[in-house]
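Welcome! Take a moment to look over the model shown below, and then we can walk through it together.

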Amino acid sequence: MAREVVQEVFVQLWERRHTLLIRGRLGHYLHGMARNQIYHVLNRQSRTACYIAQAAQQQPEGEETTGQQIAFEEAMQLIEQHLTTLGETTRRVFLMSRFEGLSVAQIAQVLTISPKTLEYHITKALKTLRLGLSDLALVTLLVEIM
């Protein structure tokens, strides 16, 4: 995403090269362009997330469209890919917590480890997924589904 922002900044700079009047340092100007481009990207992602949330609310419960089914399956494949990069204990704790619906106390009892250790493993798994699934719209969709 950062590379795309930088590329877009330089594309805009190139497109405006004949009419551009820079007063001050070029570095400061580029920094401002990058900041504005980041705001633009975040704003667009936020709107996309809102549209997805609104569409999910308007969809009658229990009724899934083919697009939703495909999106869900793709999201689950991405999650499974990222979960394979985790250690065995972290993956197991995450699956028990999020997919089996067990509480921290129940998981601690089953695995005979402390609740603090469980929280560490869950946090580690969520961080890995968050980094791997950086597209905000997809993450929002996953939150809605789960």
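Arg91 and Glu88 join their side chains in a salt bridge, with N and O 2.8 Å apart; the term stands for a side-chain nitrogen of Lys or Arg within 4 Å of a carboxyl oxygen of Asp or Glu. Both residues sit in helix α4, three residues apart, which is about one turn of the helix. Helices here are DSSP runs of H or I with at least four residues, strands are runs of E with at least two, and both are numbered from the N terminus. An α-helix has 3.6 residues a turn, so residues three or four places apart point the same way.

How open are the two partners? Arg91 is partly exposed at 22% relative accessibility, whereas Glu88 is exposed, with a relative accessible area of 53%. In these terms, buried means under 20% relative accessible area, exposed means over 50%, and partly exposed lies in between, using a 1.4 Å probe and protein chains only.

## How to read this model

This is a predicted model, in which local features need pLDDT of at least 70 and side-chain atom pairs count only at pLDDT 80 or more, while totals for chains, interfaces and linings use all residues. Residues are numbered from 1 along each chain as its sequence is written, and side-chain values use heavy atoms, with hydrogens and water left out.

## The second salt bridge

How many salt bridges are there by this rule? The count comes to two. Glu119 counts as partly exposed at 38% relative accessibility, and Lys116 is exposed with a relative accessible area of 63%.

Helix α4 covers residues 88-99. It has twelve residues and reaches 16 Å from its first C-alpha to its last, close to the 16 Å expected at 1.5 Å a residue; the expected span is 1.5 Å times one less than the number of residues. Which residues of α4 are buried? They are Thr90, Val93, Phe94, Met96 and Ser97. Seen down the axis of α4, these buried residues fall within an arc of 165°, so they line one face of the helix. That arc is taken from the directions from the helix axis to the C-beta atoms.

The cover over the buried residues of α4 includes α3 (66-83), α5 (104-111) and α6. Following α4 comes Gly101, whose phi is positive, near 75°.

Thr90, in α4, is buried with a relative accessible area of 2%. Leaving out residues up to four places away in sequence, Thr90 touches His121, Lys124 and Ala125, where contact means heavy atoms within 4.5 Å.

Apart from neighbours within four places in sequence, His121 is in contact with Thr89, Thr90 and Val93. Ala125 is in helix α6 as well, and it is buried, with a relative accessible area of 0%. With residues up to four places away not counted, Ala125 touches Leu86, Thr90 and Phe94. Ala125 and Arg91 are 34 residues apart in sequence, and their C-alpha atoms are 7.1 Å apart in space.

## A patch on the surface

Let us turn to another helix. Leu42 is found in helix α2 (residues 26-58) and is partly exposed, at 46% relative accessibility. Together, Ile38, Tyr39 and Leu42 make a nonpolar surface patch of about 300 Å². Patches are built from residues with over 30% relative accessible area and no salt bridge; like charges are joined within 9 Å, and nonpolar side chains (Val, Leu, Ile, Met, Phe, Trp, Tyr) within 5 Å.

## The whole chain

Stepping back, the protein chain has seven helices and zero strands. Of its 146 residues, 25% are buried. Among contacts between residues at least 6 apart in sequence, 58% join residues at least 24 apart.

The accessible surface of the chain comes to about 10700 Å², with 55% of it belonging to carbon and sulfur atoms. Such areas come from the Shrake-Rupley method with a 1.4 Å probe, and for residues only the protein chains shown count as cover.
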